[in-house]
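Please read the following briefing alongside the sequence and the coordinates.

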Amino acid sequence: MSTPYIVDGYEVVVGLEVHCQLATDSKIFCGCRARLEGGKSVADVESNSATCPVCTAQPGALPVLNKKVVEYAIKAGLATGCKINLKNIFARKNYFYPDSPKGYQISQFELPICENGFLNIETANGQKKINIQRIHMEEDAGKNLHRDGYSLVNLNRAGVPLVEIVSGPEMKSPEEAGAYLRALYAIVTYIGICDGNMQEGNFRCDANVSVMPKGSTKLGTRAEIKNVNSFRFVEKAIEFEAARQVELLQSGGKVVQETRLYDSTKNITVSMRSKEEAQDYRYFPDPDLVPVLLEQAFVDKIRESLPELPEQKRIRLASEFGINPQDAGLLTSSKSLADFFEKTLGLAVKGGAEKKSAAKSAANLINGEITRLLNEESIEIGRSKLTPAHMADLVQLVQASVVSSTGAKQVIAAVWKTGESVDAIVEREGLKQVSDVSSLEPAVDKVIAANPGPVAEFRAGKDKLIGFFVGQVMKETGGKANPGTIQELIKKKLLP
Amino acid sequence: MAIHTQYKSVTEIHDAYDRKILSPIEFVRDYLNAMKSSGLNAYLTISEERALAQAKQADMMLAQHGKVPRDKKPLFGIPMAVKDNLVMDGVRTTAASKMLENYIPPYTATVVERLENAGAISLGKTNLDEFAMGGSNENSAFGAVKNPDALDRVAGGSSGGSAAAVRAQLCQFALGSDTGGSIRLPASYCGIVGLKPSYGRVSRYGLIAFGSSLDQVGPMTQSVEDAARVLDVMSGFDERDATSSPTPKGDYFNSLQKDLEWSSLKIGVPKEYFAEGLVPDVEKSVRESLKWFESKGAKLVPISLPHSPYSIAVYYIVAVSEASTNLERFDGVRFGVRPQGASEARDLEEFYKKVRANFGPEVKRRIILGTFALSAGYSDAYYKRACQVRNLIKMDFDEAFKKVDVIMGPVAPSTAYKIGEKSSNPLEMYLNDLYTIPANLAGLPGISVPCGKDSKGLSIGLQMMSPIFTEAKLLRIAHGFEKERASS
């Protein structure tokens, strides 16, 4: 069990509904394209150009289910341990809004395609299982645009396929909610059903947040925070919302069931509509679509085709490459990163590197400098100029002590900008380490001469001072000296 | 004398084309003239340009081939009318609603496409009850259709324009749609043949939906023979309609030529179809028709469809529930008429109120009923319950068809009534659908064939229903009745 997140004697309880856009070429109920190359949103092409009579809901037009969507939804279900309903049905969810051209959204209500799954998340106190209540298929809406006093509707996104993945109310802290989202994100991108561009809204969630007195088993009244599309914002929104609810209760108020929006610039949630204004969606089976009837053999075939999942991969990387579980967890948080790591290692080992130590330095660089750069630019590794071949070369140079770990960061930053070869950059920027004793000796002698005090202490047994000497020599050589060589020289000169 | 009234069937028209005594273009011109001067209000839009272009092309083809290319174009040069709830690319399609008064669809319904590809010529779009909701055609936003046989009487509905157009020979055949009797009832009132195919036999793609689980498009013709020819072209699986059936279609026209063995035919006569409310003249005519079958050697079997009295209640929940959400797309955002002031509305709610005020009173009534029947707290008692009873009605037919080949009875309790006579009482109007609704609820094919006239000389229709996807047999029985009884 993880440590509960307590706000002034209240526990917070979170359930998440994740909307994940499926990376199919065409829309869920018509032949219109649903995505562009590289997973960019179809909403971005000329307004209303990716539409047809079906997705603009012309009178008389009918939906026909895209089989790929069913396949992808089954993949999501299997990867999260769900039961697949061999018979599942589509329902109409009725509400009026201009971005919903039919006046109803085709979704699933009774009998969704997947039910009763789970996924494991890593918490500070170890693993925790979070139940998934259901996964259902539905269509995305268009987008409304308000400009110069006019309201415009763009239906390019209308009919883009989604799965909605609904968790139980089982997360007890903002961090757990974040961990669940990251784990789920890793799964859907691993199995290739979602492009995972959160900026584009490929993966977004609604958070149901409530608080209850510590130790209580009765859930409090919940508020639903709509459409948050970043891991960090979800955590912050929950944090704010929990504090707001606790404050409300402590001042004698009551939490009302309502829909709220998270304002990321102010870091607050604001009320959108309360339950009294809530819609009656009048769900009923869509008579235009027949029930989806699946063969067990079809499901089994999909199960066999599933790739290695993040959890399996994490365990394998840790044991195969001897990297620590935390590093393995970070590497496997996104499929592209894990693939990048494995490709790098493959090439480095082929080039003669020792596997475990190469893995360690690759993992350090990927989880450190590279992740930092990716976050800074909000891109996937695949879109950067840095390739596994670059990394393999670099890792080998680090292992052979030609480039220091500080130098390695500089190399990465340079490749990031230009995509040039590692050798060319090392050469041009003078990043080769000096390991040659004769060229380092003058600097070492200079440092020893200038620091009689520390020299005496070191000789008297204060071993830790070795770091000080290495630092001084590095300074003297402009950071190019091989720290291992310096250590050896210092020891040789100062110790008997 | 008008040319267009001289030919009674596709067979006769093709023969005239072959012998060069008739040309498609003069034929179509003659039709267009007759349509404009009929005074029946049967057509809402005349697609003159399209018709003339298609006729010209037919002329050229005929000149090239010498003879009608029957194999490739089984309906070559045959003038057709299309109910105005079927969309046609570039031709105004209104569903007889103010809401769509200016709507030009960007695509064509599958059935229309198939018929045009088979050579049919589109003369225009026929009048109907708004969104096909009604049984008299009086609910059209553009006025009632007059019955060609008695101009002060209704043509029936909702496919009233199509029925009147066929009866008055303002087309060779017409398309109707039938949700609770909308093909069979006007066919009966106008003395023509009207077939509602099995649910799933004909594509609904491009049919403006009323009750999606009940709607079917079907032919309305002067003869059973033509109905078979038209069904041959329009039926069959359509990948654009998920509810269209992959079960292979029959060979309808050719199977008419096979002889019927009357002596092996068992006809079910449901007692519920001859109960209170049936007008004596209609009962007499239907019973005489049944006797004719008996005289040919067929066996009349008394049967019961015990749940059929619930049909109207079930239908007016299921159909309106589906309709209430089918009609949500008419929001004035992407197409349709925006009434004055709508664009200046302060908020969405006001905008929707202004736009949707365009629906006529019967459509509003059904939207409200359907919205209620589906709403939280009521849908179990209404919508779900109705679906359960619908299943029982279906099972009644399954039971009956274990014993009989076909079920026969009246199409409607009475003949065509006077325009305005019943329009103040919707419930009385709903009761008129009592005999036609069960086939829609059960998804069965049903046909109305003229079987006589009442004392006022108004047409009476005999209804025949058979198991799902047995249209070939149904048409053969109807064809035998039509041909042999007329000559007897």
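The contact between the two chains takes 26 residues from chain A and 34 residues from chain B, where two residues are in contact if their C-beta atoms, placed from the backbone, lie within 7 Å. On the side of chain A that touches chain B there are 16 nonpolar, five polar and five charged residues; Ala, Val, Leu, Ile, Met, Phe, Trp, Tyr, Cys and Pro count as nonpolar, Asp, Glu, Lys and Arg as charged, and the others, Gly among them, as polar. This is a predicted model, in which local features need pLDDT of at least 70 and side-chain atom pairs count only at pLDDT 80 or more, while totals for chains, interfaces and linings use all residues. Residues are numbered from 1 along each chain as its sequence is written, and chains are lettered from A and ligands numbered from 1 in the order in which they are written.

**Confidence**

- The predictor assigns the complex an ipTM of 0.96 and a pTM of 0.90.
- Chain B has a mean pLDDT of 96, with 99% of its residues at 70 or more; pLDDT is the predictor's confidence in each residue, from 0 to 100.

**Domains of chain A**

- Chain A is assigned domain 1 (6–303), domain 2 (308–429) and domain 3 (437–494), with bounds that come from an automatic or database domain assignment.
- The C-alpha centres of domain 1 and domain 2 of chain A are 34 Å apart, and ten residues of domain 1 of chain A are in contact with nine residues of domain 2 of chain A.
- On the domain 1 side of this contact, the elements giving two or more residues are β7 (114–123) and α2 (174–190) of chain A, helices (H or I, at least four residues) and strands (E, at least two) being DSSP runs numbered from the N terminus.
- α2(A) gives the most to that side, with six residues, and the residues of the side divide into five nonpolar, three polar and two charged.

**Nonpolar cores**

- The largest nonpolar core has 232 residues, and those with the most contacts inside it are Ala207(A) and Met80(B); such a core is a set of buried Ala, Val, Leu, Ile, Met, Phe, Trp, Tyr and Cys residues joined through C-beta atoms within 7 Å.
- A residue is buried if 20 or more other C-beta atoms lie within 10 Å of its own, exposed if 12 or fewer, and partly exposed in between, with C-beta atoms placed from the backbone.
- The largest share of this core, eleven residues, comes from α2(A).
- Leaving aside neighbours within four places in sequence, Ala207(A) is in contact with residues including Val14(A), Leu16(A), Ala177(A) and Ile225(A).
- Another core, of 39 residues, lies apart from the largest one and has Ile323(A), Ala338(A), Leu374(A) and Val395(A) among its residues.

**Strand pairing in chain A**

- Strands β2 (residues 10–21) and β12 (residues 203–213) of chain A run antiparallel and are joined by eleven bridges, pairing being assigned if DSSP finds at least two bridges between two strands; Cys20(A) has Phe203(A) as its bridge partner in β12(A).
- β12(A) also pairs with β13 (residues 223–228) of chain A in the antiparallel sense, over four bridges, and Val209(A) stands opposite Ala223(A) there.
- An open sheet of three strands has the order β6-β5-β16 (chain A) with antiparallel pairing, and its edge strands are β6 (104–107) and β16 (284–285) of chain A.

**Arg92(A)**

- Arg92(A) lies in strand β5 of chain A and counts as buried because it has 26 C-beta neighbours inside 10 Å.
- Apart from neighbours within four places in sequence, the contacts of Arg92(A) include Tyr104(A), Phe284(A), Asp286(A) and, in chain B, Thr325(B).
- Arg92(A) and Asp286(A) are 194 residues apart in sequence, yet their C-alpha atoms are 5.4 Å apart in space.

**Local features of chain B**

- Helix α7 (residues 224–234) of chain B is mostly covered, eleven of its eleven residues being buried, and α7(B) is followed by Gly236(B), whose phi is positive, near 110°.
- A cis peptide bond with omega of about 5° joins Gly157(B) and Ser158(B), and Ser158(B) lies in the loop between β5 (150–154) and α5 (160–167) of chain B.
- Lys20(B), which is not a glycine, has a positive phi of about 60° and is exposed, with 11 other C-beta atoms within 10 Å.
- Phe131(B) has a positive phi near 50° and counts as buried, with 31 C-beta neighbours inside 10 Å.
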